[in-house]
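Hello,

Here is the structure I said I would pass on. My notes on it follow below the model.

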Amino acid sequence: MPTPTPGPGIGIHPPPFPALLTRTGIPVAVVGAIGDRLLVRTPCGAYAEVTEGDPIEPVDVVLDPGHGGDIDTGAVGANGLTEKEVNLRLAFATEELLEERGISVALTRTGDYLVLLSVRAEIADRLGAAALVSIHHNAPRGDPSDGPGTEVFVQSGSEESARLGGLLYEEVVSGLSVFDIEWTTAPDAGVLRVLVPEGRDAYGMIQRPETPTALVELGYIANPPEADLFATDGYIQLASIALADAIEAYLETDRPGTGFGNPPRIFTPNRAPGADVCVEPDLGG
């Protein structure tokens, strides 16, 4: 059940582990312990007490399937494919590949529900991950292109975020280029910093985490040929290999990646859904 924001004098002890997979399969950050109960941050940013679940110990990488829930579907393709569903499907496939390679992984969401950006960042930071990769598929449609219009957004002032972004860009563009379809792209596609006019990072999933983070827009779900591709098993297979290869290279090599050189993009995004519209999933008590 939800509880008030914790304060002094209510018997909260340090958390025994950084995160928990509840018995209903929801990953949550653990902020403390109260007797035999765990105090956790819910997907909607509240505090709740739970007693059951599996500990999530520190991991190498956190995967963040963008969007989720009825309020935040993300972009929608002409074929009805929603960004939230392809993001999650790709995250699961990438998680499986990384675990096969001995790389420990956690996800910020595991089903169709909204998770606030602050909560997604907190999960990665509490888990001490070396990298956070936020998975997205772009809109609106770009200009016609001979190859994938992959964009990767990185954190200002972070060399590790930039290197992670460069590796993601390199592997995703290479992996998706095997598909012969009508691609679209933006003129400045590549590894980018996106800033609001005041000069700070524009996107919450780039601005909030302390963990080195990159947000990858693999392609344009708003482009009908790409949306049709994203609905296929073949796309999920090759895209997950590209993401896993990039993450493994980031963790285990000094490769710098490619796709750099564009000036920052100045853009003010729409406000992300907040706690006022967030519906909590069942944490299982």
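His-67 sits in the loop that runs between strand 7 (61-65) and helix 1. Please keep in mind that this is a predicted model. The phi of His-67 is near 70°, which is positive although the residue is not glycine. For background, most residues other than glycine have a negative phi, and most peptide bonds are trans.

His-67 also turns up at the largest pocket, where 41 residues form the lining and those closest to the centre are His-67, Tyr-203, Pro-269, Asn-270 and Ala-272. The volume of this pocket is about 1,100 Å³. Two or more lining residues each come from helix 2 (117-126), strand 9 (131-138), strand 11 (151-154), helix 4 (204-207) and strand 15 (213-220). Sorted by class, the lining holds 19 nonpolar, 11 polar and 11 charged residues.

The loop between strand 9 and strand 10 (143-145) contains Pro-140. The peptide bond leading from Ala-139 to Pro-140 is cis, and its omega is near -5°.

Helix 1 (residues 83-100) packs against helix 6 (residues 233-252): their axes come within 8 Å and cross at roughly 55°. The two helices are therefore oblique to each other, and their crossing is right-handed. On the helix 1 side the contact residues are Val-86, Arg-89, Leu-90, Ala-93, Thr-94, Leu-97 and Leu-98. Helix 6 contributes residues including Asp-233, Tyr-235, Ile-236 and Ala-239. By class, this contact has 12 nonpolar, 2 polar and 2 charged residues.

Regards

Conventions:
Residues numbered from 1 in each chain as written. Predicted model: local features only at pLDDT ≥ 70, side-chain atom pairs only at ≥ 80, totals over all residues. Heavy atoms only, no water. Axes fitted to C-alpha atoms, helices over the stretch in contact; angles between N-to-C directions. Helix = DSSP H or I, 4+ residues; strand = E, 2+ residues; numbered from the N terminus. Parallel < 35°, antiparallel > 145°, perpendicular 65-115°, else oblique. Left-handed = near helix turned anticlockwise from the far one by under 90°. Contact = heavy atoms within 4.5 Å. Nonpolar A, V, L, I, M, F, W, Y, C, P; charged D, E, K, R; others polar. 1 Å grid on protein atoms, 1.4 Å probe; cavity = no way out; pocket = protein on both sides within 12 Å on 5 of 7 lines; lining within 4 Å. Points joined across faces, edges and corners; volume = space filled by probe spheres on them.
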